Amino acid sequence: MFEVHVTTMFPAAHALRNYYGKTEPIHGHNWWAKITIAGPQVDSMGMLIDFVPLQKEMGRIIGKLDHQFLNEVPPFDVVNPSAENIAHYLWEQFSASVPAMQPEFEVTVSRVEVWETDNCSAVYLPK
Ligand SMILES: [Zn+2]
């Protein structure tokens, strides 16, 4: 099994709803997101997946969240914008496009980790 990771930072604000019965005050974080792609082998070029389209996709997906008030960005206008829910959202987004980046065999988004601060992160694992 091979894994590759791409990581990026994006500043964004949020305010958790129903946080001990109240909505948190709006505040910002420099969020970090790490996407892990896994697969059983490397291709004819020696790669599990090409970093170039993967980073381009990172830019496209994170671009929707970058410098935003997450509570106003779907699905976080409904889903609480917790680190856990952001990790799950990123997993869904990347899972829709990553398999097509490796036509020779199956690759999956096996892990997404989202840091709210240096010391606090949440991970979404698909199983
Ligand atoms: Zn926060």
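Predicted model: local features only at pLDDT ≥ 70, side-chain atom pairs only at ≥ 80, totals over all residues.

Residues are numbered from 1 along each chain as its sequence is written.

A nonpolar core here is a set of buried Ala, Val, Leu, Ile, Met, Phe, Trp, Tyr and Cys residues joined through C-beta atoms within 7 Å. A residue is buried if 20 or more other C-beta atoms, placed from the backbone, lie within 10 Å of its own, exposed if 12 or fewer, and partly exposed in between. The largest such core has 24 residues, and those touching the most other members are I35, I37, A87, L90, V112 and V114. Two or more residues come from each of β2 (27-39), α1 (51-63), α2 (83-97) and β3 (108-117); helices (H or I, at least four residues) and strands (E, at least two) are DSSP runs, numbered from the N terminus. The largest share, 7 residues, belongs to α2.

What does A87 touch, leaving aside residues up to four places away in sequence? Its partners are V112, E113, V114, A122, V123 and Y124, where contact requires C-beta atoms, placed from the backbone, to lie within 7 Å.

I turn to the backbone. In the loop between α1 and α2 lies P75, and the peptide bond from P74 to P75 is cis, with omega near 5°.

The loop between β1 (2-14) and β2 holds N18, a non-glycine residue with a positive phi of about 55°. N18 is exposed, with 9 other C-beta atoms within 10 Å. Y20 is also in the loop between β1 and β2, and its phi is near 50°. Y20 is exposed, with 6 other C-beta atoms within 10 Å.

Terms used
Contact = placed C-beta atoms within 7 Å.
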